Each structure stands twice: as structure tokens, then as C-alpha cells.
Amino acid sequence: MAGNATKQGDAGLAIAQIDLSQGYNRLARVTLDQTLADFTQANDATGTARTRIAEGDLERLQGRLQKAKEFYAGAAGTLEGIGHRAAAEALRKLGELQTTLGEAPAAKVTLNKAITTAARWSAPDEEARSQLSAAIEARAGGEPDSADKHAAAAATLFDRQGNKAGRARAALARATDQEAYADAAARLDAAQLPLGVVLADLGLGDGWRARGNAAEAQAAYQKAAQVWSAIESKVREANKMLGLPAVDSLRVTAEATPTDTVIDELPQVGE
């Protein structure tokens, strides 16, 4: 019976993750509740903790960052204690929220643990993501040398995997001069990350302005404005740059029909 419950929990978790990736948060919530019940019945602490990561993802997408942080922290503690590879994901996501919430010292510790955990489990994709998040944290904290080290490591790992989007984001995290910003803009454009292109062009413009080249600065700023204006869904593109599901609204399905109804505005309350 426990084995069946674990299998049901694994299947439910996979379905919930698909729902989240497509913006079906209400369906994901229902599925996660059942998944949690299945893993609890099976006395499967690993499955329960992995479900908590998905619950954190759900809360994060809906803007409830403190609640998401609680789920990630709980999952990380359990998975680290068990010795499971998913601990790296939980730690990375926890560190990312700590960065967002201005908890720089805690974020630094958490993200370094995520990197170490991912490397220990030979999980290069997760290690690359953790290195990138650590670079972003270091740059926000005014530590350019640390940011460059982490971003360079992320770039190498993403290159090995052929992950163009990750490689482009790493290039932006590493950029500090005009040549680097121009390279990042080109990579981000090729990876179809227009919001990243905007950020790279703004950085390029700032660099030219600091060197007293008003014409080049103006050209970079104008390009950034043009790309920004052409972005249809800024929420979706922001999610892509954050490595989150590329959704811009919640979707709900009526019980009686398969027709999807798209809600135009992101809700500020729980779904």
C-alpha cells in the first residue's frame, strides 16, 4: 500500500508541476493537496519535502514570498537531513527569495550550500542555476569579484549543457563594460529573452555615458526603450528572466467543459 501511495504521489507531483508551468494554479493546488496526502500515507518524507518545494513555487508565483520561503526552508531542512539531491533545488530557491527579501547574509550562505550540494550530487543544471543566483546576489550586494566568479562558473556549466538561455543570463550577470553588455544583449536576443536585452542595453548606455559618449549612450537607451515597448507581456518575460514558469496570468478550467478561461490580471489573493 505504501508503495502504491508513493507512486501516486510521484505522479501527482509531476502533474502539479505541469499545471504550474502552464499557469493552472488552482488545479495545481488541488493536485498538491492530494499528493501531500499520498506521501503522508506512505510515510515518505522525501516525497513530502519535494511537494513542499512545489508548494513554495505556487506561493512564489502568486507573490506570497514569505510563505514560499517557509516552504522552501522546510523542504531544504528535511532533504538535507535525509541526504537527497533535491535539497540543492530547495536551497537555491530559498536563497533566491532571501536575496529578493533583502536578507543578503543568509542568502549568501544558503546559495553557497546549494552550489556545494548540487556539485556533490553531480547535478550540473542545478549547480549552474545556483551559481547564477549566487552571482546575482553578489552583484546586488556590491561584491563584483564574487559575482564574476559565480557568473563565470555558471556560464561554463550552461555552455556544457547547451543551455543558451542560462548562458545568456550568466553573461548579463557578469557584464561590467560595454563589450560585455553588448555580448550579453546579443546572447539574450538569440535566447529570446527581451527583458534581458533591455537590461543589457541599459547597462551599455550607462557605460557609454560614463565615458562621455552621449551619442552611443542615447542609441543604447533608445534600443532599450524600443525593445521594452515591443514586449507584449512584461510579467511573462520577467518570470523567464527569473527562471520561473513563463506565465502571465492564472488559468482556470470549468468543471463541465475543457475550455480554458484566462484571467486577465494576476490575483493578489490565494488561489
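## Exercises on burial, salt bridges and a pocket

At 3% relative accessibility, E55 counts as buried, and this residue of a predicted model is the starting point for the exercises that follow.

**Exercise 1.** Find the partner with which E55 forms a salt bridge, and work out which helices the pair ties together.

*Solution.* Begin with the contact itself: E55 forms a salt bridge with R29, and the closest N and O atoms of the two are 2.6 Å apart.

**Exercise 2.** Determine whether E143 and K108, whose side chains meet in a salt bridge, count as buried, partly exposed or exposed.

*Solution.* The N to O distance in this salt bridge is 2.9 Å. As to position, E143 sits in the loop between α7 and α8 (144–161), while K108 is part of helix α6 (residues 104–120), so the pair links parts that are 35 residues apart in sequence. For the accessibility, recall that partly exposed covers the range between the 20% limit for buried and the 50% limit for exposed; E143, at 31%, therefore counts as partly exposed, and K108, at 27%, likewise counts as partly exposed.

**Exercise 3.** Describe the salt bridge between K240 and E237, and list the buried residues of α13.

*Solution.* The closest N and O atoms of K240 and E237 are 3.3 Å apart, and both residues lie in helix α13, three residues from each other, which is about one turn of the helix. K240, at 26% relative accessibility, is partly exposed, whereas E237, at 8%, is buried. Elsewhere, salt bridges that share partners join R29, D33, R52 and E55 into one network, and a search of the whole structure finds 23 salt bridges. Returning to α13, its buried residues are E237, N239 and M241, and what covers them includes α3, α9, α10 and α11. After α13 comes G243, which has a positive phi near 75°.

**Exercise 4.** State the volume of the largest pocket, and say which residues are closest to its centre.

*Solution.* The volume of the largest pocket is about 1300 Å³. Its lining is made of 49 residues, of which R60, M241, L242, G243 and L244 are the closest to the centre. The elements that contribute two or more residues to this lining are α1 (2–21), α3, α5 (86–100), α7 (124–140), α9 (164–174), α11 and α13 (234–241).

**Exercise 5.** Locate N43 and Q192, each of which has a positive phi although it is not a glycine, and decide whether they are buried or exposed.

*Solution.* Take N43 to begin with: its phi is about 55°, and it lies in the loop between α2 (25–41) and α3 (45–61). Q192 has a phi of about 60° and is found in the loop between α10 (178–190) and α11 (194–210). Since exposed means over 50% relative accessible area, N43, at 71%, is exposed, and Q192, at 59%, is exposed as well.

Technical notes. Residues numbered from 1 in each chain as written. Predicted model: local features only at pLDDT ≥ 70, side-chain atom pairs only at ≥ 80, totals over all residues. Heavy atoms only, no water. Helix = DSSP H or I, 4+ residues; strand = E, 2+ residues; numbered from the N terminus. Buried < 20%, exposed > 50% of the residue type's maximum accessible area, 1.4 Å probe, protein only. 1 Å grid on protein atoms, 1.4 Å probe; cavity = no way out; pocket = protein on both sides within 12 Å on 5 of 7 lines; lining within 4 Å. Points joined across faces, edges and corners; volume = space filled by probe spheres on them. Contact = heavy atoms within 4.5 Å. Salt bridge = Lys/Arg side-chain N within 4 Å of Asp/Glu carboxyl O.
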